[in-house]
Amino acid sequence: EEILSVLVPRLAELTKSDCIWQRISWHLVECVPDRCMEAVVLGFVERAPGADVLSRLLGNLVVKNKHAQFVVTQKFLLLQYGYTTAVLQNLLGYLSLDSLRRALLIKVLQELLETWSSSSAVKHSPPEQQEYISKAILICLSHLKDSEIESCRQELLTSMMEGVKCHLESSLPQIRRLGMFVAESISSKINTDGPVLKFQYEEDDESRELKSLLVQAPSFCVPSVPDDSRKEKADAALPSASESNAKSHTAAAHVVSDEESDTELDSDDDLTPYDMSEDKELKTKAPVYIRDCIEVLTGSEDVDKWEATVKALESLVRKNPAATREVSVELAKILLHLEEKTCVEGFAELRQRAQVAVLTVDPIPVTQYLTSQFYSLNYSLRQRMDILDVLVLAARELSCPKVHGKTKHVEKPCVQLLPASDSSKDWRRIVDERIKSKTRRFAKGPSQVQVASGPNEFNSVAGHFFFPLLQNFDRPLSTFDLLGEDHFVLGRLVHTLAVLLYLAVNTMAVTAMGKALMEFVWALRFHTDSYVRQGLLSCISSMLVSVPAEYLLNNMTEELLETQSWLGDVVEKDPDGDCRRLALQNLLLMENLKKKL
């Protein structure tokens with residue numbers, strides 16, 4: 001580092017206009033021993049101000065030296081991923097600046113696309129490495145010529161189709177977006193005239209950075225025009241500018257005169273607009289009974305009435321719990337299948353809040369219906385995830401204490417005095433002020449306020465929320481396979497179970513729930529999807545926090561020891577950074593349990 005920080009800038013200056021110094025630099029790097037080649041090449045790549053400078057310093061080193069070729073085309077691009085975007089631009093730009101090295105550029109692009117389109121690589125490599133590879137692919141595409149793209153069009157198309165499929169199957173939004181953007185870029189390069197792939201995603205700094213990589217930055221400066229010639233060009237431009245201004249003025253005069261004549265002709269036909277400032281929009285009244293809401297949601301063709309019903313349903317359910325219990329399962333079924341008829345703002349949230357209200361009003365039958373439908377046929381993945389979301393929100397609401405109205409102060413019992421005259425009131429006030437002024441207080445705490453409290457309504461229904469979700473996860477259906485291609489829903493299920501166990505703290509069923517969840521985690525601990533593994537580690541955290549420590553230490557000692565060994569492997573070997581962090585957090589929670597022994 002010390003040597004190259006001085007050597008590289010000096011060589012860059014000397015080789016700028018002297019071909020002899022270029023040959024000296026090439027001979028210098030070609031004589032480097034193989035064991036030092038990686039460090040020297042990396043130093044040159046990192047410190048060179050651009051790809052053209054790097055080309056002058058290294059020459060055709062990657063063509064002549066096999067070890068340097070392996071370092072540049074394999075190690076820096078496929079085996080390591082900690083370098084900056086500038087290093088990638090220098091490296092791939094260097095390969096594109098000579099006809100002998102361009103064959104290596106195409107070979108590098110093919111190997112990058114092979115890795116990018118590999119489902120195994122997408123599942124087992126960290127997101128940072130996949131972003132690094134995606135950037136390298138985009139930079140390679142920016143350097144390719146039309147003839148080179150034409151020669152490998154079929155390979156690019158095949159890699160694009162395979163790669164976008166395995167990226168869209170990922171549970172991580174970052175990976176899906178990378179797949180979309182790279183596929184769009186490849187498609188735009190292949191099909192310059194025809195239709196191209198187009199995905200919908202939000203523009204952010206990352207997408208703008210990736211888009212900028214497709215535009216090849218010029219490696220040379222535009223030559224400046226001498227001052228004398230600039231003055232001559234400016235003087236020559238002045239008369240033409242004045243002529244154009246005169247022409248524009250005459251044209252504008254013609255246009256104005258034409259407009260005036262048109263307005264004179266149309267002035268007799270103008271009508272005075274009708275005043276509609278005091279008009280009010282007619283609002284459709286929402287139904288006031290639960291059964292009327294069911295009729296509107298199932299059979300009404302009146303769109304305005306349907307919209308008003310959707311907006312008012314939640315408050316109506318909470319105001320009429322007795323009437324809701326009579327039709328709770330039917331209403332839950334309607335809401336689960338309800339589709340948006342018109343463009344209602346926040347429709348998904350309104351529907352979800354109504355489902356949560358129905359579930360909290362009548363927990364057991366509605367929960368039994370929803371959990372049974374989660375593993376039923378003919379449901380979309382969106383509906384199954386909606387069921388999980390509703391269960392979590394309802395469990396959170398049931399586990400929190402209800403506060404009816406404002407919190408009241410606790411009134412102390414006191415003797416009720418008969419009403420007296422104004423003089424007695426003044427006497428009492430004066431005595432109280434004297435006592436207050438002569439009383440010495442060492443600390444004045446806040447006034448005693450009655451804390452909101454009440455029975456935990458989730459205590460009696462926690463098992464109905466939790467155990468049915470564990471029953472059929474390993475039984476594939478014709479339209480639903482949790483252990484197969486629907487692993488994203490499996491990840492959502494695992495996270496839902498972790499939250500339900502966390503909300504069940506201090507309930508009667510928490511020990512049985514913790515033991516069942518431990519067996520579930522143990523069966524799936526080696527799952528290939530990182531989102532599922534994150535959920536499993538969250539389940540371990542919920543178990544360590546919610547299940548009483550005495551029960552864990554007395555009844556689940558062997559399971560804890562095996563889990564500790566597994567967590568140690570995750571911390572050391574898991575490619576996903578969030579999984580490693582969660583595993584380390586669980587190990588710290590286990591250390592706290594050990595202190596209680």
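Trainee: How many salt bridges does the structure hold?

Mentor: The count rests on a side-chain nitrogen of Lys or Arg lying within 4 Å of a carboxyl oxygen of Asp or Glu. By that criterion, the number of salt bridges in this predicted model is 22.

Trainee: Which helix holds both Arg318 and Glu314?

Mentor: Arg318 forms a salt bridge with Glu314, and their closest N and O atoms are 3.4 Å apart. The two residues are four positions apart, about one turn of the helix. Both belong to helix 17.

Trainee: Is Glu314 buried or exposed?

Mentor: A residue counts as buried when its relative accessible area is under 20%. For Glu314 the value is 19%, so Glu314 is buried.

Trainee: How many residues apart are Arg353 and Glu314?

Mentor: The side chains of Arg353 and Glu314 meet in a salt bridge of 3.0 Å, N to O. This pair links distant parts of the chain, with Arg353 in helix 20 and Glu314 in helix 17. Their separation is 39 residues.

Trainee: Which residues are linked with Glu314 and Arg353 in a network of salt bridges?

Mentor: Glu314 forms salt bridges with Arg318 and with Arg353. The network that includes Glu314 and Arg353 also contains Arg318, Glu349 and Glu397.

Trainee: Where does Asp574, the salt-bridge partner of Arg533, lie?

Mentor: The side chains of Arg533 and Asp574 meet at 2.9 Å, N to O. Arg533 lies in helix 27, and the pair ties together parts that are 41 residues apart in sequence. Asp574 lies in the loop between helix 29 and helix 30.

Technical notes:
Residues numbered from 1 in each chain as written. Predicted model: local features only at pLDDT ≥ 70, side-chain atom pairs only at ≥ 80, totals over all residues. Heavy atoms only, no water. Buried < 20%, exposed > 50% of the residue type's maximum accessible area, 1.4 Å probe, protein only.
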